[in-house]
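Colleague: I'd like to learn how to read a model like this one. Could you walk me through it?

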Amino acid sequence: MGFSTDAIHAGQEPDPTTGAISVPIYQTSTYVQEELGKHKGYEYARTQNPTRGALERCLATLDKGERGFAFASGMSAIAAVLNLLRSGDHVVSSNNMYGGTFRFFDQVMAGFGVTFTYVDTSDLDATAAAFTKATKLLYVETPTNPSMIISDLRALGALARERGALLCVDNTFMTPYFQRPIELGAHLVVYSTTKYLNGHSDMVGGAVVSADSKASARLQFLQNAVGAVPGPFDCFLVLRGLKTLAVRMDRHESNARTIADWLEKHPKVKKVFYPGLKCHPGRALHEKQSSGYGGMISFETGSIDNGAKVLRGTKVFALAESLGGVESLISHPATMTHASVPRAEREKSGLTDGLVRISVGIEDLDDLLADLDKALSVL
Ligand SMILES: Cc1ncc(COP(=O)(O)O)c(C=O)c1O
């Protein structure tokens, strides 16, 4: 089936009891068993829930994976992937990624004896050189949050395979509508479903899609053993969001493309980071592995004062953390989403104090342009 048909139907057969076309919210903690050892496939809701199961099947289908696993947040999905590792294992990771992921690697996992090498994964030689005999995981975002650096997923997948490691891609920015890392060679894909997949800024959730049967078996075990599972209502909300993912992403992107072009020409904007711009160094590569550029743009205002003025000046773009909702948001990565990344590490990938990030929503384009124009006019 096509992407939108799968997004609306995959894993979501009409409810067997009533025929309900929308997957019901199975708001229950346990399931009555007929007799010892005889049940309907559901024992306890941390282990299985029909609403969560429908979401997991839908996500696995959209990403062409073998299994999907839903989690209580993007961070708990990432934690589940890192829990595949043991003390002594080594991870090669993008040096530019969501700040919370870096914080988790650096301030949680490192304490359990897992070691990390942070590298610019758009540089294949540097990435290959960062591998050691103990490397078990290559972890990347492409485009990265927030500098929009593009890494070659086919080449990284091949590199990971050659070295006996798993490639995990955080595909939150692109979604499976624009980019399917498993088709390009990744073993695991992670999402903050809080963002585009739900798309309405009304829940927090995460997911892992696996194409590796050994990892899938362990993830299923970990999901239950650790227990960071989402509630059924949140799963229902993501399922509902997924039904309109394709139309939302098209609109996010068409708005973002025009805004990125407009920002690039704006005399007060020093630099624009958007993979759809002709000047973007990763554009050709991005086009080989994705079918769209997405709705996220970062731009350089030159200083923290300028950035603060722009953040103060917008009205339609709300000043808030997060991204991927129908409403446009504006943020300051250095002090908000990436505050836990040391300055020296941040600046290596263009994450300066003057960088402003926008999540372009699906409002009317003219209102978005007028809002940015007004905010930039004070610089
Ligand atoms: C790219 C990316 N990955 C993961 C996360 C973490 O997800 P959550 O906030 O749902 O835990 C975020 C959150 O902003 C993100 O932007």
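This is a predicted model: local features need pLDDT of at least 70, side-chain atom pairs count only at pLDDT 80 or more; totals for chains, interfaces and linings use all residues.

Colleague: Let's start inside. Which residues have the most contacts inside the largest nonpolar core?

Modeller: The general idea is that in soluble globular proteins, nonpolar side chains tend to be buried together. A nonpolar core is a set of buried Ala, Val, Leu, Ile, Met, Phe, Trp, Tyr and Cys residues joined through side-chain atoms within 4.5 Å. Buried means under 20% relative accessible area, exposed over 50%, and partly exposed in between (1.4 Å probe, protein chains only). Here the largest core has 37 residues, and Phe3, Leu55, Leu59, Tyr177, Leu197, Leu242 and Leu245 have the most contacts inside it. Among the elements that each supply at least two of its residues are α1, α2, α10 and α11. A second, separate core has 27 residues, including Ala79, Val81, Met97 and Phe116.

Colleague: What do the buried residues of α10 pack against?

Modeller: Helices (H or I, at least four residues) and strands (E, at least two) are DSSP runs, numbered from the N terminus. In α10, residues 232-242, the buried ones include Cys235, Val238, Leu239 and Leu242. The buried residues of α10 pack against α1 (3-9), α2 (50-62) and α11 (245-265). Contact means heavy atoms within 4.5 Å. Leaving aside neighbours within four places in sequence, Leu55 is in contact with Ala70, Cys235, Val238, Leu239 and Leu242.

Colleague: And Leu137, is that buried or exposed?

Modeller: Leu137 lies in strand β4 and counts as buried, at 2% relative accessibility. Not counting residues up to four places away in sequence, Leu137 touches several residues, among them Val81, Leu82, Leu85 and Ala165.

Colleague: On to the ligand. How many residues surround it?

Modeller: A residue is near a molecule if one of its heavy atoms lies within 4 Å of it. By that rule 14 residues surround the ligand, the closest being Gly74, Asp170, Ser192, Thr194 and Lys195. Helix α3 (residues 74-82) gives the largest share of this shell, three residues.

Colleague: Last topic, the backbone. Where are the cis peptide bonds?

Modeller: Look at the bond from Thr142 to Pro143, which is cis with omega near -5 degrees, and the bond from Asn145 to Pro146, also cis, with omega near 10 degrees. Pro143 is in the loop between β4 (135-141) and α6 (153-162), and Pro146 is in the loop between β4 and α6 as well.

Colleague: Which residue in that loop has a positive phi?

Modeller: Met148 lies in the loop between β4 and α6, and its phi is near 60 degrees, a positive value in a residue other than glycine. Met148 is buried, with a relative accessible area of 1%. Lys64 has a positive phi too, near 55 degrees, but Lys64 is partly exposed at 42%.

How values were computed
Residues are numbered from 1 along each chain as its sequence is written. Side-chain values use heavy atoms; hydrogens and water are left out.
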